[in-house]
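Subject: Structure for you to look through

Hello,

Here is the structure I promised you. Please open it next to this email and follow along.

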Amino acid sequence: MRDASFIAANMRPEDYREIACLWQNWDTRALGICAMETAVPGWVWSVWYQGQPAAAFGFSRASAFDPDFWQAWAFGTDRFRRCVPLMTRHILNLRPEIEKHCRRLQVISYKNHDLAHGWIEALGAEREGLLRSYGRGGEDFYMYAWTRRGKDLHAGPAG
């Protein structure tokens with residue numbers, strides 16, 4: 001909780017633009033609490049860089065009714081980019097466990113956050129569509145997903 005709240009309070013501008021527009025009343029402490037409280041148990045992490053928390057990431061349940069439907073999320077300080085290689089390796093190493101427990105994994109990302117889109121796509125997600133006016137100020141977002149068909153996660157919609 002402490003790490004997530006610290007990271008939220010020192011968030012890099014592009015993550016702030018992406019996340020704060022979804023809140024009626026932006027609160028960095030509340031983001032830290034939400035990150036921890038909504039996480040799939042055991043599926044939330046922080047990455048420290050040069051002695052300080054620099055990135056938070058994890059998986060939350062995307063639906064109260066479907067435990068196999070997850071939402072991936074990440075945010076960080078200006079040192080976030082230094083954490084991406086470690087986070088990527090960690091996520092890829094977890095892939096067999098993710099595939100075992102998750103039927104659908106989605107990410108929602110602000111349309112103008114192109115660096116995030118590149119990372120999400122490099123992890124194998126497919127852009128499914130545009131969510132118009134998803135942000136409280138009318139900001140558009142993209143939906144990305146991996147879906148499980150049979151026993152493995154695949155990019156894009158099941159079909």
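First, a term. A charge sits over a ring if NZ of Lys or CZ of Arg is within 6 Å of the ring centre and within 35 degrees of the ring normal. R127 does this: its charged end sits over the ring of Y142, 3.7 Å from the ring centre.

Now the ground rules. This is a predicted model, where local features need pLDDT of at least 70, side-chain atom pairs count only at pLDDT 80 or more, and totals for chains, interfaces and linings use all residues. Residues are numbered from 1 along each chain as its sequence is written, and side-chain values use heavy atoms, with hydrogens and water left out.

**Strands**

Helices (H or I, at least four residues) and strands (E, at least two) are DSSP runs, numbered from the N terminus. Two strands pair if DSSP finds at least two bridges between them. β2 and β3 pair in the antiparallel sense, over seven bridges. F59 has A72 in β3 as its bridge partner. β3 and β4 also pair, in the parallel sense and over three bridges. There, W70 stands opposite L105 in β4.

Buried means under 20% relative accessible area, exposed over 50%, and partly exposed in between (1.4 Å probe, protein chains only). In β3, seven of the eight residues are buried.

**The core**

A nonpolar core is a set of buried Ala, Val, Leu, Ile, Met, Phe, Trp, Tyr and Cys residues joined through side-chain atoms within 4.5 Å. The largest one has 26 residues. Which residues have the most contacts inside it? They are F59, M87 and L105. Elements that give two or more residues to this core include β1 (39-49), α4 (80-101) and β6 (141-149). α4 gives the most, with seven residues. Apart from this core lies another, of 10 residues, among them A4, L31, A35 and F75.

Contact means heavy atoms within 4.5 Å. Leaving aside neighbours within four places in sequence, F59 is in contact with residues including W43, W45, W70, I98 and L105.

**Aromatic rings**

Rings of Phe, Tyr and Trp (its six-membered ring) pair if their centres lie within 6.5 Å; planes under 30 degrees apart count as stacked, over 60 as edge-to-face and the rest as tilted. The whole structure has 12 aromatic pairs. W43 and W45 have ring centres 6.1 Å apart and planes at 75°, so their pair is edge-to-face. W43 counts as buried, at 11% relative accessibility. W45 is partly exposed, at 22%. Y110 and F141 form a tilted pair, 5.7 Å centre to centre with 55° between the planes. Y110 is in β4 and F141 in β6, so this pair ties together parts 31 residues apart in sequence. Both Y110 and F141 are buried. One aromatic cluster is formed by W43, W45, F57, F59 and W70.

H113 is in the loop between β4 and α5. Is H113 buried or exposed? It is buried, with a relative accessible area of 4%. Leaving aside neighbours within four places in sequence, H113 is in contact with R12, E14, D15 and E18.

α5 covers residues 114-122, and its buried residues are A116, H117, W119 and I120. Seen down the axis, they fall within an arc of 165° (taken from the directions from the helix axis to the C-beta atoms), so they line one face of α5. D114 and A122 are exposed, on the other side. G124 follows α5, and its phi is positive, near 105°.

Best wishes
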